[in-house]
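Have the sequence and the structure open while you read.

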Amino acid sequence: MRIDPNSSADLSVQIAQAIKDAIISGDLNVDERLPSEAELSEHFQVSRPTVREALKRLAAQSLIRTQRGATGGAFVKRLSFEDAYAQQITTSTLLLSMNAVSFDTACEARYALERACAPLSAARCSADQLATMRAEIFRQQQPGLTDEAFCASDVAFHRALVDGAGNPVLSYQLAGAVEAMQPLMNMITFTARDRATITALHGRIADAIEAGDGAAAVAGLEDLEGETRKLAADVFAARAARSA
């Protein structure tokens, strides 16, 4: 593990990256104990606070865990897809907000990815995941449900659909699409949408998943995308009319 002391990059960042690279390459294995702070300090020729900051960065990325006691220290942690979801969602949300991604672009990406999951979900969806979809549809039908709660239920429904594909790599990749892009789209369309229409489309999709009909699930998502785009067009047209 090496760093460049002449680089303008923060030393703690360099150390964290060097250790991360060692984990990725297999030089450091899951559950393996890292050298102590003193040993790392000597190895990288930096102060112990700098090493400590690097370890904090790695812990924040769920790449290491700390253990106290005589046999304690910092150990390589097995990173799970669930651990990485939050980072994926945060990164996707920042990318969308900072780069002013258009509604059409976000909508296109989200539904294209979700349609890829639909046939797999129709073939593999568990009883619990289908029950989650049904529960969210029931929740969406409640008259006293707030806009915020309806949006959250919308996300939960699609999260169950994606997870129903039984592929953790797809679930991870779509975490940003469902839990970052979808709330963005909900914020734009919630004032114009008809809940009954959205809930009915969700019901069609859930029925198709339960019947193992991937093509029908894809068709339901296509109709939902069409409804979403129509709502957005209405909202944007109304805004333009107000500002004219």
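## The cavity lining

Sort the lining of the largest cavity by class and you get 5 nonpolar, 6 polar and 3 charged residues. In that scheme Ala, Val, Leu, Ile, Met, Phe, Trp, Tyr, Cys and Pro are nonpolar, Asp, Glu, Lys and Arg are charged, and the others, Gly among them, are polar. Bear in mind that this is a predicted model: local features need pLDDT of at least 70, side-chain atom pairs count only at pLDDT 80 or more, and totals for chains, interfaces and linings use all residues. Residues are numbered from 1 along each chain as its sequence is written, and side-chain values use heavy atoms, with hydrogens and water left out.

A cavity here is a set of points, on a 1 Å grid over the protein atoms alone, where a 1.4 Å probe fits but cannot get out; lining residues have an atom within 4 Å of a point. The structure holds 1 cavity of 30 Å³ or more, and the volume of the largest cavity is about 110 Å³. That volume is the space filled by probe spheres set on the points, which are joined across faces, edges and corners.

In total, 14 residues line the largest cavity, and Tyr111, Asp154, Asn186, Arg193 and Thr228 lie nearest its centre. Helices H5 (103-124), H7 (147-163), H8 (168-189), H9 (195-210) and H10 (214-243) each supply at least two lining residues, with H8 giving the most, 4 residues. Helices (H or I, at least four residues) and strands (E, at least two) are DSSP runs, numbered from the N terminus.

## The pocket

Now for the open kind of space: a pocket is an open set of grid points with protein on both sides within 12 Å along at least five of seven lines. About 190 Å³ of space lies in the largest pocket. Its lining has 14 residues, and the closest to the centre are Glu37, Leu55, Thr66, Gly73 and Ala74.

Helix H3 (48-60), strand S1 (64-67) and strand S2 (73-76) each put at least two residues into the lining of the largest pocket. S1 has the largest share, 4 residues. By class, this lining splits into 6 nonpolar, 4 polar and 4 charged residues.

## H3 and its partners

H1 (residues 11-25) packs on H3 at about 55°, with the axes 8 Å apart. Axes are lines fitted to C-alpha atoms, for helices over the stretch in contact, and angles run from 0 to 180 degrees between N-to-C directions. H1 and H3 are therefore oblique to each other; the cut-offs are under 35 degrees for roughly parallel, over 145 for roughly antiparallel, 65 to 115 for roughly perpendicular, and oblique for the rest. The residues of this contact (heavy atoms within 4.5 Å) divide into 9 nonpolar, 2 polar and 3 charged.

H2 (residues 37-44) meets H3 at about 110°, axes 9 Å apart, so H2 and H3 are roughly perpendicular. Glu37, Ala38, Leu40 and Ser41 of H2 touch Arg48, Val51, Arg52 and Leu55 of H3.

## H6 against H7

H6 (residues 127-140) and H7 pack at about 160°, with their axes 9 Å apart. That makes H6 roughly antiparallel to H7. The contact includes Met133 and Ile137 of H6 and Phe150, Asp154 and Phe157 of H7. Its residues come out as 8 nonpolar, 4 polar and 4 charged.
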